[in-house]
Amino acid sequence: MALPAGLFLGRASLAVAGRTVLSDLTLHLTARRIGIVGRNGSGKTSLLRLMAGLVAPTSGQVRLDGIDPAADRRAALARVGILFQNPDHQILFPTVIEEVAFGLRQAGRSEAEAEAAARAVLARHGRGHWAGAAVSALSQGQRQMLCLMSVLAMAPATLLLDEPFAALDLPTRARLARTIAALPERVVMVSHDPAALAGMDRVVWLEAGRVRREGPGPAVLAEFTAAMAAVAETDADTDLTR
C-alpha cells in the first residue's frame with residue numbers, strides 16, 4: 001500500500017475557551033509509524049483532533065494529504081480514521097455488526113453492501129463470530145478492537161490512535177499491539193508512555209502545547225525518558241500551574 005503525502009501543520013495554534021492549548025506547531029510528517037509523546041496535559045489529544053479535522057486551528061493551517069480536514073469533512077473522512085482512548089465514547093449501536101456497518105452506511109453504501117463489508121472486516125480479523133453479539137457483552141479490550149475494526153472498515157490511509165492501550169490488561173494490550181503493528185496504513189499514535197511508542201519511525205515530543213523535539217523515534221524517546229526521570233527527582237506534582 002503506497003503511503004500518501006502525509007500530515008502538514010504550518011504555524012498551527014489552537015485555543016479552547018480562550019485558553020491556548022497548542023502553540024505555533026510546524027510539522028511535516030510522512031513516516032509510516034509516527035508517535036506523539038508528552039506528559040499529561042501537554043496537548044497530545046488536541047493535536048490528534050486537529051489532525052483529524054474534528055477542530056479547526058485558531059490560527060495557521062493543517063493539511064492531510066493536501067486537504068484541509070476541518071473544512072472538507074467529506075474528503076477527510078475518506079482519508080483518516082480516529083480511535084479514541086475510551087471505546088465507550090465511540091460506540092453507538094447495541095450489536096457488533098451494526099457498529100461496524102454504521103460508517104459504511106454513512107458513506108453511502110446500501111444496507112446490504114454495508115453489512116457484507118462489515119462481515120468481511122470481522123472475518124479478516126478473525127472475529128466473524130462476533131457479528132450478532134451484543135456490544136455490552138464485550139470486554140474493554142474487545143470493545144477497543146471493535147472500534148478499531150469499525151475505523152478500518154472505512155479504509156482510511158491514516159489512523160490516529162489516542163492512547164489505545166489505556167485500561168487494558170497486559171495480554172489484551174499485547175494482542176492489540178500486534179494487530180496495530182501489522183496494519184499497512186499509516187499510524188499516528190499518542191501516548192505518555194515511551195514503551196508504547198517503541199518502534200515508531202518518527203516521534204513528536206509535545207511540552208506545554210509546543211513541539212519540544214521531533215525526529216527519529218529511538219532518539220526522541222530516549223531524550224524524553226531521561227527528561228521525565230529528571231522531573232521525577234523533583235516535587236513537580238506540587239506545582240499548581242500544571
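This is a predicted model: local features need pLDDT of at least 70, side-chain atom pairs count only at pLDDT 80 or more; totals for chains, interfaces and linings use all residues.
Let me start with the pocket. The largest pocket has a volume of about 760 Å³, and 27 residues line it, with Leu77, Val80, Gly103, Ser150 and Met154 lying nearest its centre. If we ask which elements build that lining, helix 2 (73-77), strand 5 (80-83), helix 3 (96-106) and helix 5 (140-152) each supply at least two residues, and the largest share, six residues, comes from helix 3. Sorted by class, the lining of the largest pocket holds 18 nonpolar, five polar and four charged residues.

Buried in helix 7 are Gly217, Val220, Leu221, Phe224 and Ala227. Because these buried residues fall within an arc of 130° when one looks down the axis of helix 7, they line one face of the helix. What do the buried residues of helix 7 pack against? Their partners are strand 3 (33-37), strand 8 (202-207) and strand 9 (210-216).

Finally, the backbone angles. Arginine 11, in strand 1 (residues 7-16), has a phi near 50°, which is positive although the residue is not glycine, and arginine 11 counts as exposed because its relative accessibility is 57%, with the cut-off set at over 50%. Aspartate 24, placed in strand 2 (residues 19-29), likewise has a positive phi, near 55°, in a residue other than glycine, but at 34% relative accessibility aspartate 24 counts as partly exposed.

How values were computed. Residues are numbered from 1 along each chain as its sequence is written. Side-chain values use heavy atoms; hydrogens and water are left out. Buried means under 20% relative accessible area, exposed over 50%, partly exposed in between (1.4 Å probe, protein chains only). Helices (H or I, at least four residues) and strands (E, at least two) are DSSP runs, numbered from the N terminus. The arc is that of the directions from the helix axis to the C-beta atoms. Contact means heavy atoms within 4.5 Å. On a 1 Å grid over the protein atoms alone, a cavity is a set of points where a 1.4 Å probe fits but cannot get out, and a pocket is an open set with protein on both sides within 12 Å along at least five of seven lines; lining residues have an atom within 4 Å of a point. Grid points are joined across faces, edges and corners, and a volume is the space filled by probe spheres set on the points. Ala, Val, Leu, Ile, Met, Phe, Trp, Tyr, Cys and Pro count as nonpolar, Asp, Glu, Lys and Arg as charged, and the others, Gly among them, as polar.
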